[in-house]
Amino acid sequence: MMRAIILAGLCGMTSLPVAADPFEDFGTAMKYGLPAAAAICAARDDRLEDFAVRGILQAAVVLALKSWTDGTPMARRPSGEGKGFPSGHSAAAAFGAADLAGKCFRDDRFAGAAAYGAAGLTAASRVHAGEHTVEQVMTGALIGFSFGAASFGIGSEGAAFSIGMKF
């Protein structure tokens, strides 16, 4: 499983421009890498349909909020451009991290902490790059976390919410 996560992260990094900021590159790689690793785990655990529905709904909520709030002060990016609320990078990374920590790494605190840490660094990279405000990345992360930790019960015994990280 850890090989699959590393492979997913490396695949996400191969599409990055050469001259970009390494911290920003990391955030972009995790936007794709964390959900990809979670999808691999979901396929392995025969819960890919539930994962896909939650992932599509998470993306739809982010895109709808970007559209509905465009032109308002809350959606203004630090650069002055619009459609900054919420951060899609933060949402996608948190979605993947929460799914991994709550369903794939349920009993592995270190792996769960690493996934959540990578998602947190993704959010920080968006603020560092001047693409989002702290409020925009936190809202995106909360949306992604909520859908990632949830389970709608499609193809399983029932709905649940699991954040992992058992202590």
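Is F161 buried or exposed? F161 is exposed, with a relative accessible area of 52%, where exposed means over 50%, buried under 20% and partly exposed in between, taken with a 1.4 Å probe and protein chains only.

A word on the ground rules before we start. This is a predicted model, in which local features need pLDDT of at least 70 and side-chain atom pairs count only at pLDDT 80 or more, while totals for chains, interfaces and linings use all residues. Residues are numbered from 1 along each chain as its sequence is written, and side-chain values use heavy atoms, with hydrogens and water left out.

Let us begin with the overall layout. The protein has 6 helices and 2 strands, arranged along the sequence as α-α-α-α-α-α-β-β. These elements are DSSP runs numbered from the N terminus, with helices being H or I runs of at least four residues and strands being E runs of at least two. Of the 167 residues, 44% count as buried. The accessible surface comes to about 8,400 Å², and carbon and sulfur atoms own 66% of that area; the areas come from the Shrake-Rupley method with a 1.4 Å probe, and for residues only the protein chains shown count as cover. As for contacts (heavy atoms within 4.5 Å), take those between residues at least 6 apart in sequence: 71% of them join residues at least 24 apart.

Now step inside. A nonpolar core here is a set of buried Ala, Val, Leu, Ile, Met, Phe, Trp, Tyr and Cys residues joined through side-chain atoms within 4.5 Å. The largest such core holds 22 residues, and L34 and L100 touch the most other members. Helices α2 (22–44), α3, α4 (88–104), α5 and α6 each supply at least two residues to this core, with α2 giving the most, 7 residues.

Because C41 lies in helix α2 and C104 in helix α4, the pair ties together parts that are 63 residues apart in sequence. The torsion about the S-S bond of C41 and C104 is about -120°, so the disulfide is left-handed. C41 is buried at a relative accessible area of 0%, and C104 counts as buried at 16%.

R54 sits in helix α3 (residues 48–69), and R54 counts as buried because its relative accessibility is 0%. The R54 side chain makes a polar contact with the side chain of D99 at 2.7 Å. Such a contact is a pair of N or O atoms within 3.5 Å; within protein, one must be able to donate a hydrogen and the other to accept it, and residues adjacent in sequence count only if both atoms are side-chain atoms. Leaving aside residues up to four places away in sequence, R54 touches several others, including F95, K103, F147 and F152.

Back to the aromatic rings, as promised. Rings of Phe, Tyr and Trp (its six-membered ring) pair if their centres lie within 6.5 Å, with planes under 30 degrees apart counted as stacked, over 60 as edge-to-face and the rest as tilted. This gives 3 aromatic pairs. One of them, Y116 with F145, is tilted, at 6.2 Å centre to centre and 50° between the planes. It links distant parts of the chain, with Y116 in helix α5 (residues 109–128) and F145 in helix α6 (residues 134–149), 29 residues apart. Y116 is partly exposed at 22% relative accessibility, and F145 is partly exposed at 23%. The rings of F145 and F161 have centres 6.0 Å apart and planes at 80°, so this pair is edge-to-face. Since F161 lies in strand β2 (residues 160–161) and F145 in helix α6, the pair ties together parts 16 residues apart in sequence.

Finally, have a look at the backbone. Most residues other than glycine have a negative phi, and most peptide bonds are trans. The peptide bond from F85 to P86 is cis, with omega near -10°, and P86 lies in the loop between α3 and α4. K83, in the loop between α3 and α4, has a positive phi near 55°.

Technical notes
A disulfide is a pair of cysteine sulfur atoms within 2.5 Å.
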